[in-house]
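Please take a moment to look over the sequence and the model together. The paragraphs that follow walk through a few parts of the fold in turn.

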Amino acid sequence: FDHIALALMNRPRDVAFVLSHLLDRNATPGDALAGLVRPDQVAAGGWSLGGYAAMALAGGDDSACDYAETDPFGYLDPPAPPESCVPFDPDSRIKAIVPLDGSNQMLKFAELARVRVPAMGIGEEWSRLAADGYGLDSWQARQHAAFSSRPAYRADVFGTVHMSFSDVWEAFHMLRDKGL
């Protein structure tokens, strides 16, 4: 696995790269994807670090190596590779975001405040986060308070955990069904 700072540096760049190719194919007559995308209505969404990527695409990230104003999970050990200490500018093609229990702790409050596109943050309910003991009970409130966008919505889903917003449970069921 890459260092977390490299993942943070690469994730929004990868999405922007794929979006560029998708939009190129969308604009190419005769291509299988021609005319299927409305470039003026591109939304970014994702779970966990994918949610971080959506927020970084909308508001930018001054440096992937300055992540985490707090570090409840030990991401700062070992130090971030120097090549990850580069900025990522917002992608103006992103018109809305939907982070699913997104890793907003990887962005400073001021970086989150640069999110000016409509946003719908969906995540764990605060009392469940408080029960984890990591001090993340304000995690969803933090991004919601920071976003400059209007509208900006927040939905805390009662009885969920971080993995509830992924399809990891489907993978476990598949492995069990295969006898693994």
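At 22% relative accessibility, C65 counts as partly exposed, a label that covers the range between buried, under 20% relative accessible area, and exposed, over 50%, with a 1.4 Å probe and protein chains only. C85, at 36% relative accessibility, is likewise counted as partly exposed. This is a predicted model, in which local features need pLDDT of at least 70 and side-chain atom pairs count only at pLDDT 80 or more, while totals for chains, interfaces and linings use all residues. Residues are numbered from 1 along each chain as its sequence is written, and side-chain values use heavy atoms, with hydrogens and water left out.

C65 and C85 are joined by a disulfide with an S to S distance of 2.0 Å, where a disulfide is a pair of cysteine sulfur atoms within 2.5 Å. Both C65 and C85 lie in the loop between α2 and β2, so the pair ties together parts that are 20 residues apart in sequence. The torsion about the S-S bond of C65 and C85 is about 125°, so this disulfide is right-handed. The structure holds one disulfide.

The strands come next; helices (H or I, at least four residues) and strands (E, at least two) are DSSP runs, numbered from the N terminus. Two strands pair if DSSP finds at least two bridges between them, and β1 and β2 do so in the parallel sense over six bridges. The bridge partner of G45 in β2 is V98. Strand β3, residues 119–124, runs parallel to β2 and is joined to β2 by two bridges, with A119 in β3 as the bridge partner of I97.

Which residues touch the most other members of the largest nonpolar core? Of its 33 residues, they are L8, Y52, I94, I97 and F147; such a core is a set of buried Ala, Val, Leu, Ile, Met, Phe, Trp, Tyr and Cys residues joined through side-chain atoms within 4.5 Å. At least two residues of this core come from each of α1 (4–26), β1 (42–47), α2 (49–59) and β2 (94–100), and the largest share, nine residues, is supplied by α1. Leaving aside residues up to four places away in sequence, I94 touches L19, V42, A44, L57 and V117, contact meaning heavy atoms within 4.5 Å.

Finally, helix α5, residues 139–146, has W139, Q140, R142, Q143 and A146 as its buried residues. They cover an arc of only 160° around the axis, which puts them on the same side of α5, the arc being that of the directions from the helix axis to the C-beta atoms.
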